[in-house]
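These are my notebook entries on a structure I went through element by element. I record what I looked up, in the order in which I looked.

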Amino acid sequence: MAFADPRDGDLEDDASSTSRHSLLGHASHILLEISLPKLALAALLLLVVPAVLIGAAPKVALWFAEAVWARVSDAGRWASVAFVLLVAAGILWRWGGRLLRATERNFWALNAALVQPLYMAVRELVGLVLERVAPTRDFAAARRLAGLVAGGVLALGAAMVALAAGPLPTVIIEDLSPSGLLRAARDSLDNGIWAVAVYLMIGAPAWSVAEALAGSPREIDDAIVPGDAAWRIAHLSDIHVVGDPYGFRLECGRDGPRGNARVDAALAALEAEDARAHLDWVLVTGDVTDAGRNAEYIAFDEIAARHPALRERLLVIPGNHDVNIVDRANPARLELPITPGGSLRRLRFLAATARLQGQRVHVMDRTRRRVGPTLNDWLAADGRGAALARFMDGGGIRAGLAARDVWNQAWPMVVPPPAPDGLGVLLLDSNAETHFSFTNALGLVGMDQMRAAEAAMAQFPAARWLVALHHHLMEYPRPGAPLADRIGTALVNGHWVLGRLRRVASRVLVLHGHRHFDWMGRSGALRIVSAPSVVMGAPDRAEAHFWIHALAPTTDAGLAMLEPRRIRVPDASLAATPPAP
């Protein structure tokens, strides 16, 4: 008599499950499994080298002033200035855009690695204490107070670190002997630590003030109005398609429906709903796959092919599971920034995007600040697609950098409104580049991408827009939730993106996923809706659901939200469990 069914999984399938293991359990597992040599090399590349460069900059400038500037004639000084300016102009002309994006990416990476997680952890701990001490206190006010306290606590701690490393950076190079250079390197590292501590001392309170000014999001009930829908949008997210019929998913393991039957059933339910009343778009806001593997994209293609009418209206964007490193067997997996894995995952998603929606989404022409060609036409031009295919086959550092540039230029993808006052769709990539499986979920919308999205909206000033991204712009109010559920991974520059979108709030609806639960709310006048996951974190026989949002134009050129329709994915959609022997 069989005592176990392999289709039910076992402990190994839960290696990365956040519902089966506590945060402390995950941390212990990471300490045991992580590759220490790879961690040391990654720390050198990502932390030590940047810190030394930051700390060495004033030393190099002072050395140049003492060793060169003071010893040449006035004519030589002017010639030196002209030469430096000429070289700088050449660098900016040739690589200015890339340098700006790299600077921005590294600036927000510092926030993602240091300011945001520390601030959020302290804020939520303080919030939990406030809820216990004063359970009747206004939640929004308590959250603002907790944020301000967290900013102050972190600023105080950073000031102590800066005082220990400083109190002021050392910029004198005593001599150029090996021992002198070694002392200079140590001083440069101290300078880097001092600079980061000072930034945290300033950044943490600034983060808390920005959050307080943004205001706590609130439920959207008062923004829903009666009327007839002009557009109906089905919103799914985090479907986490796996590559085999009995695959278990990364974060939920055996606690989620096995395989992809629930995703297939959700599209079948949408087909029935579409027959009842036409759907304009079916949006999947990220985490289309569970680990960004080729087999998972094949499985997704097969599911979509079984619903051809809906496939022509499917629009997808990347989530962190699609493009950042994930390993369902080892959450301690680390990927060096010089390896091709990150570029390969992005190009797999781009290839899947081209197959699915390449003829109906457009890329932006950055030079003209207008909507450009379709994605497929753009990839075919100038040999872009062929170059990407060669990189995916053979790799290479230069080809990888070029592939990254193509990816960055592809977003946002735009579905222009069919009429000047129609409904357009902006598809954003909100994923920050990360190299650690356990911290793969950080979000970032870069300045270049956001300005391109704004240019698309400016081109159609009378149109209404759906803005789709994977990550949430801010943490939602969830009083009483456990600490692990309260500390999410919102956009590290969410306050900035929120401020930009608020400028066009009356004609915009923001849709996202990532958190696996549904929430409909607003921040000021900006409406934001989060999609639940039909597969993540639910027992096999739990009934899943998602929403169809009904929208209509308003007389003042705005966009109205009507009563949404809840679509249930019933228990019968799952494969039947075999009878007990």
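**Entry 1: loops and backbone**

I located Arg369 in the loop between strand S5 (362-365) and strand S6 (370-374); helices (H or I, at least four residues) and strands (E, at least two) are DSSP runs, numbered from the N terminus. The model is predicted: local features need pLDDT of at least 70 and side-chain atom pairs count only at pLDDT 80 or more, while totals for chains, interfaces and linings use all residues. Residues are numbered from 1 along each chain as its sequence is written, and side-chain values use heavy atoms, with hydrogens and water left out.

I noted that Arg369, a residue other than glycine, has a positive phi, near 55 degrees. Arg369 is partly exposed, with a relative accessible area of 48%; buried means under 20%, exposed over 50%, and partly exposed in between (1.4 Å probe, protein chains only).

I then turned to Asp382, in the loop between helix H11 (375-380) and H12. Asp382 is not a glycine either, yet its phi is positive at about 55 degrees. With a relative accessible area of 72%, Asp382 is exposed.

I also looked up the peptide bond between Trp411 and Pro412, which is cis with omega about 5 degrees. Pro412 lies in the loop between helix H13 (397-410) and strand S7 (413-415).

**Entry 2: H10 against H12**

I checked the axes of helix H10 (residues 341-357) and helix H12 (residues 384-394), which come within 10 Å and cross at roughly 135 degrees. Axes are lines fitted to C-alpha atoms, for helices over the stretch in contact, and angles run from 0 to 180 degrees between N-to-C directions. H10 and H12 are therefore oblique to each other (under 35 degrees counts as roughly parallel, over 145 as roughly antiparallel, 65 to 115 as roughly perpendicular, the rest as oblique).

I listed the contacts (heavy atoms within 4.5 Å): Ser343, Leu344, Leu347, Arg348 and Leu350 in H10 meet Leu388, Phe391 and Met392 in H12.

**Entry 3: strand S12**

I found five of the five residues of strand S12 (residues 526-530) buried, so S12 is largely enclosed by the rest of the structure. Leu526, Ile528 and Ser530 point one way, and Arg527 and Val529 the other way.

I traced S12 to strand S10 (residues 508-512), a parallel pairing over four bridges; two strands pair if DSSP finds at least two bridges between them. His512 stands opposite Ser530. Strand S11 (residues 519-523) runs antiparallel to S12, joined by five bridges, and Gly521 has Ile528 as its bridge partner.
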